[in-house]
Amino acid sequence: MDTEEASTPEAEAAAVKEPPKIHRLEESVVNRIAAGEVIQRPVSAVKELVENSLDANATSINVVVKDGGLKLIQVSDDGHGIRYEDLPILCERHTTSKLSKYEDLQSIKSMGFRGEALASMTYVGHVTVTTITKGHLHGYRVSYRDGVMENEPKACAAVKGTQIMVENLFYNMIARRKTLQNSSDDYTKIVDLLSRMAIHHTNVSFSCRKHGAARADVHSIATSSRLDSIRTVYGVSVASNLVQLEASEYNDSSSFVFKMDGYVSNSNYVAKKTTMVLFVNDRLVECAPLKRAVEIVYAATFPKASKPFIYMSIVLPPEHVDVNVHPTKREVSLLNQELIVEKIQSAVELKLRQSNDSRTYKEQTVESSPSSPYNPSKELHLNPSGSKLQKVPVNKMVRTDSSDPAGRLHAYVQSKPHTSVASGPNLSAVRSSVRQRRNLNETADLTSIQELIDDVDRNCHSGLLDIVRHCSFIGMADDVYALLQHNTHMYLANVVSLSKELMYQLVLRRFAHFNAIQLSDPAPLSELLMLALKEEDLDVENSENDDLKEKIAEMNTELLKQKAEMLEEYFCVKIDTRGNLSRLPIILDQYTPDMDRIPEFVLCLGNDVDWEDEKCCFQAIAAALGNFYAMHPPLLPNPSGEGLQCYKKRKPLKNPVDIERYPNDAGDNVENEDEIEHQLLAEAEAAWAQREWSIQHVLFPAMRLFLKPLNSMATNGTFVKVASLEKLYKIFERC
């Protein structure tokens with residue numbers, strides 16, 4: 001008995017020393033661990049989704065973020081979309097269209113290749129995908145959870161391309177979510193990512209804004225000039241202090257080892273930290289050795305200089321790049337990396353020493369006498385010969401916000417000598433590339449349409465055209481007029497008239513080549529016409545004309561059904577055999593008209609179109625579409641200022657006897673019981689904010705590219721000059 005008791009502790013000690021048993025983890029645990037490695041922060045999810053959009057050949061990518069991406073990340077593009085047959089396996093792990101065997105990695109050109117990003121998002125968030133492919137009348141929407149569909153795809157209205165929403169990111173990873181509570185920090189990282197993408201992918205337009213915000217924090221348009229992209233995204237102060245850089249290396253067989261082109265800042269650039277934007281074979285990556293090498297050159301060349309701005313795009317043979325070395329693809333492994341870094345370092349050093357030949361200095365002039373006028377600090381621009389360039393007079397210079405060149409005010413640049421004109425923004429190239437992207441040259445071969453386009457070209461006002469092409473949007477002065485700045489002048493511009501004319505001209509130029517907006521619920525023409533007729537009737541209570549209205553609606557319905565084939569073929573206005581309106585054209589990308597104005601549009605088609613004369617017919621239909629798509633003020637009153645009174649509901653006094661007994665106090669009591677209809681007010685605020693955002697970020701960029709203002713706009717109040725800097729100086733000089 002004693003022997004057994006003595007051996008028991010030894011047996012227990014031996015059992016403790018046994019190695020732990022290895023067991024297989026559940027698949028859900030494995031997937032969540034892998035997802036946390038791939039999607040480290042909200043910016044990781046945005047990067048993966050934007051790269052997917054680029055792989056889909058998108059030309060426009062829009063990002064909306066809420067609470068730094070934890071509550072919502074929405075990425076929309078106009079790419080080729082996702083096939084219906086692929087939706088069931090879209091978010092499964094290791095499903096991809098980018099490669100089929102391991103050897104494909106040696107020549108991979110797409111951004112993604114593992115098939116893990118979307119799957120990872122479904123394990124740490126709620127994912128909803130809306131997509132439509134070319135040639136289909138409607139798209140599909142489906143939600144995913146833990147890599148699988150939650151339900152069957154549902155047919156829905158969709159704009160060309162794909163929209164992916166990721167909601168409640170890291171909802172099931174409490175520790176990760178707590179470490180990401182600073183939403184402003186995460187949103188800053190997302191803005192920085194989109195800014196870097198925008199200056200490299202110059203053939204794609206990018207926008208990024210907070211959910212509910214009227215103003216985008218990143219807004220770039222497709223352009224043929226990389227310097228223009230840098231100017232738009234990072235500002236004039238950065239772009240004006242950059243020098244172009246190129247480097248390359250070839251081996252004995254004349255095949256290239258690498259090619260590099262980019263921009264680096266000169267000695268006039270001032271910043272507190274280094275900004276390095278590096279792309280390797282179009283991938284946004286980081287390379288610490290290259291960054292250190294360039295910083296060493298700057299420290300040696302400009303000992304007291306600030307940190308540099310660097311943009312570089314390196315191209316190597318695909319087989320010389322290993323892209324599969326980092327979970328988030330943030331880093332890549334390069335063949336001959338030491339040689340590449342050394343060559344680029346030498347090229348940067350040579351360029352910086354050459355740029356020292358021309359520098360900008362500040363000089364302060366001492367007043368010669370107390371009576372002499374104050375003379376502020378001047379900037380003397382010296383060329384290599386030492387002679388001064390012509391200085392802009394003070395009354396022709398405008399103070400602007402250079403930190404936001406793509407926003408309310410563009411920074412003005414001093415006049416450059418004629419030898420440098422070629423390096424300025426090439427607006428014609430921008431306009432040409434965007435037109436080609438949007439197929440505006442593919443107009444139908446009809447003489448009547450060409451005549452209408454020629455009429456627009458002949459009646460174009462050259463002075464207003466220059467204003468439209470080079471103006472800066474300041475803000476809305478009221479519900480109809482916007483403030484514009486052009487050179488040293490300020491104008492009021494009627495956005496309703498401008499948007500109406502722009503839409504009319506776009507209809508003519510995109511004639512018979514429209515994308516479509518599919519209505520989720522087809523609208524009966526007869527009901528739409530009755531709504532429009534009742535809105536036109538001033539005497540609402542008079543029901544004697546109801547029979548006449550119904551007859552007019554019936555006649556117009558039959559007329560439009562007869563013309564349905566032509567309307568669909570040329571204008572993408574679909575009316576089915578039962579008289580239902582089911583499809584409308586997309587006239588301007590990223591803009592959807594106010595659907596409350598459909599009845600008025602349908603009535604115009606029925607009443608105002610001369611269907612017998614081809615040219616008059618097309619002109620009237622284009623005008624009706626232009627009026628429908630114009631950026632009218634929302635039907636809900638503007639909630640700012642006095643318009644807020646419209647959203648107050650008054651409660652009557654509970655006891656009518658009190659009103660008779662205290663007539664003088666009745667009004668005060670009613671006023672005290674006013675309540676705000678918050679839901680309606682929120683709807684109105686959203687509608688007005690969305691309109692102002694569309695005017696600034698959609699209408700005015702499109703006007704600069706496409707609008708040809710008519711001669712009549714110079715006299716009919718569409719443009720009104722309200723201020724001139726030269727005249728203001730004269731006024732103040734007299735004071």
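Val30 is located in helix α2 (residues 27-38); helices (H or I, at least four residues) and strands (E, at least two) are DSSP runs, numbered from the N terminus. The model is predicted, so local features need pLDDT of at least 70 and side-chain atom pairs count only at pLDDT 80 or more, while totals for chains, interfaces and linings use all residues. Residues are numbered from 1 along each chain as its sequence is written, and side-chain values use heavy atoms, with hydrogens and water left out.

With a relative accessible area of 35%, Val30 is partly exposed (buried means under 20% relative accessible area, exposed over 50%, and partly exposed in between, with a 1.4 Å probe and protein chains only). Together with Leu25, Val29 and Ile33, Val30 forms a nonpolar surface patch with about 320 Å² of accessible area. Patches are made of residues with over 30% relative accessible area and no salt bridge, like charges being joined within 9 Å and nonpolar side chains (Val, Leu, Ile, Met, Phe, Trp, Tyr) within 5 Å. A salt bridge is a side-chain nitrogen of Lys or Arg within 4 Å of a carboxyl oxygen of Asp or Glu. Accessible areas come from the Shrake-Rupley method with a 1.4 Å probe, and for residues only the protein chains shown count as cover.

An open sheet is formed by 5 strands in the order β10-β11-β14-β12-β13, with mixed pairing; two strands pair if DSSP finds at least two bridges between them. Strand β12 (residues 275-280) pairs with β13 in the antiparallel sense over 3 bridges, and Phe279 stands opposite Leu284 in β13. Helix α9 (residues 288-301) lies across β11 (256-265), β12 and β14 (309-315), running at about 135° to β14. Axes are lines fitted to C-alpha atoms, for helices over the stretch in contact, and angles run from 0 to 180 degrees between N-to-C directions; contact means heavy atoms within 4.5 Å.

In strand β24 (residues 580-586), 7 of the 7 residues are buried, so the strand is largely enclosed by the rest of the structure. Strand β22 (residues 515-524) runs antiparallel to β24 and is joined to it by 6 bridges, with Leu581 in β24 as the bridge partner of Ala523. Strand β23 (residues 574-575) is also antiparallel to β24, through 2 bridges, and Lys574 has Arg583 in β24 as its bridge partner. A hairpin is formed by β23 and β24, with 4 residues between them, and Gly579 in the turn has a positive phi of about 80°.

Cys572, in the loop between α17 (564-571) and β23, has a positive phi near 60° although the residue is not glycine. Cys572 is buried, at 9% relative accessibility. Asn57, also not a glycine, has a positive phi of about 60° and lies in the loop between α3 (42-55) and β1 (60-66). At 59% relative accessibility, Asn57 is exposed.

Thr202 is placed in the loop between α6 (183-200) and β8 (205-210) and is buried, with a relative accessible area of 14%. Apart from neighbours within four places in sequence, Thr202 is in contact with Ile221, Ala222, Thr223, Ser225, Arg226 and Ser229.
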